[in-house]
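Good morning, and thank you for making time for this item.

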Amino acid sequence: MSVVWAGFLIWVAATIAMLLGWRTRWVSVVVWLGAMCFITRNIMVKNSGDEVLRIGLFILMLSPCGEAFSLDRRRRPQRETPLRVPPWGVRLLQWQLAFI
């Protein structure tokens, strides 16, 4: 039982780090992996909301979600030109919600 609690606390810490934008690329993988572990733990209580969460986290894991408003962005040197982030991650999330 303590292994489950340790995994849950790691998942919560990674979720908070992803919310703040700290090491976004690596933390998003940990959040997705933690979500997959807890979603597939008991298949009898799984519903469509779990699938939306799973697909959304997978898209966030692949998208450049730490480029604009995050702690990762503050560590990088400032540019003279405005930052342009490719919008494909947002478009994939919009398509997912449109299909729902």
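**Helix packing in a predicted model**

In the protein chain, 58% of the contacts with a separation of 6 or more are between residues 24 or more positions apart. Please bear in mind throughout that this is a predicted model. The secondary structure of the chain comes to 5 helices and 0 strands, and from the N terminus on the elements run α-α-α-α-α. Taken along the principal axes, the C-alpha atoms fill a box of roughly 55 × 35 × 15 Å. Of the 100 residues in the chain, 26% are buried.

Let me turn to the core. Which residues form the largest nonpolar core? The set has 9 residues, namely Trp11, Ala14, Ala17, Met18, Val27, Val31, Ala35, Ile39 and Leu57. Helix α1, residues 2-20, and helix α2, residues 24-39, each supply at least two residues of this core.

With its neighbours within four places in sequence left aside, Trp11 is in contact with Val30, Val31, Gly34, Ala35 and Phe38. Val31, for its part, is found in helix α2. Is Val31 buried or exposed? Its relative accessibility is 3%, so Val31 counts as buried. Again leaving aside neighbours within four places in sequence, Val31 is in contact with Trp11, Ala14, Thr15, Met18 and Leu57.

For contrast, consider Ile16, whose place is in helix α1. At 46% relative accessibility, Ile16 counts as partly exposed. Ile16 and Leu33 lie 17 residues apart in sequence and 15 Å apart in space, C-alpha to C-alpha.

I move now to the helix pairs, starting with α2 and α3. Their axes are 9 Å apart, and the helices pack at an angle of about 160°. The two are therefore roughly antiparallel to each other, and their crossing is left-handed. On the α2 side we find Arg25, Ser28, Val29, Val31, Trp32, Ala35, Met36 and Ile39, which meet Asp50, Leu53, Arg54, Leu57, Phe58, Leu60, Met61 and Leu62 in α3. Sorted by class, this contact of α2 with α3 has 12 nonpolar, 1 polar and 3 charged residues.

The next pair is helix α3, residues 48-62, with helix α5, residues 88-99; they pack at an angle of about 170°, with axes 9 Å apart. That angle makes α3 roughly antiparallel to α5. What is the handedness of the crossing of α3 and α5? The crossing of α3 and α5 is right-handed. From α3, the contact is made by Val52, Ile55, Gly56, Ile59, Leu60 and Leu62, and from α5 by Trp88, Gly89, Leu92, Leu93 and Gln96. By class, the contact of α3 with α5 has 8 nonpolar, 3 polar and no charged residues.

I close with one residue from that contact. Gln96 has its place in helix α5 and, with a relative accessible area of 12%, is buried. What does Gln96 contact, leaving aside its neighbours within four places in sequence? The partners of Gln96 are Val52, Ile55, Gly56 and Ile59.

Notes: Residues are numbered from 1 along each chain as its sequence is written. This is a predicted model: local features need pLDDT of at least 70, side-chain atom pairs count only at pLDDT 80 or more; totals for chains, interfaces and linings use all residues. Side-chain values use heavy atoms; hydrogens and water are left out. Axes are lines fitted to C-alpha atoms, for helices over the stretch in contact, and angles run from 0 to 180 degrees between N-to-C directions. Helices (H or I, at least four residues) and strands (E, at least two) are DSSP runs, numbered from the N terminus. Angles under 35 degrees count as roughly parallel, over 145 as roughly antiparallel, 65 to 115 as roughly perpendicular and the rest as oblique. A crossing is left-handed if the near helix is turned anticlockwise from the far one by less than a right angle, and right-handed if clockwise. Contact means heavy atoms within 4.5 Å. Ala, Val, Leu, Ile, Met, Phe, Trp, Tyr, Cys and Pro count as nonpolar, Asp, Glu, Lys and Arg as charged, and the others, Gly among them, as polar. A nonpolar core is a set of buried Ala, Val, Leu, Ile, Met, Phe, Trp, Tyr and Cys residues joined through side-chain atoms within 4.5 Å. Buried means under 20% relative accessible area, exposed over 50%, partly exposed in between (1.4 Å probe, protein chains only).
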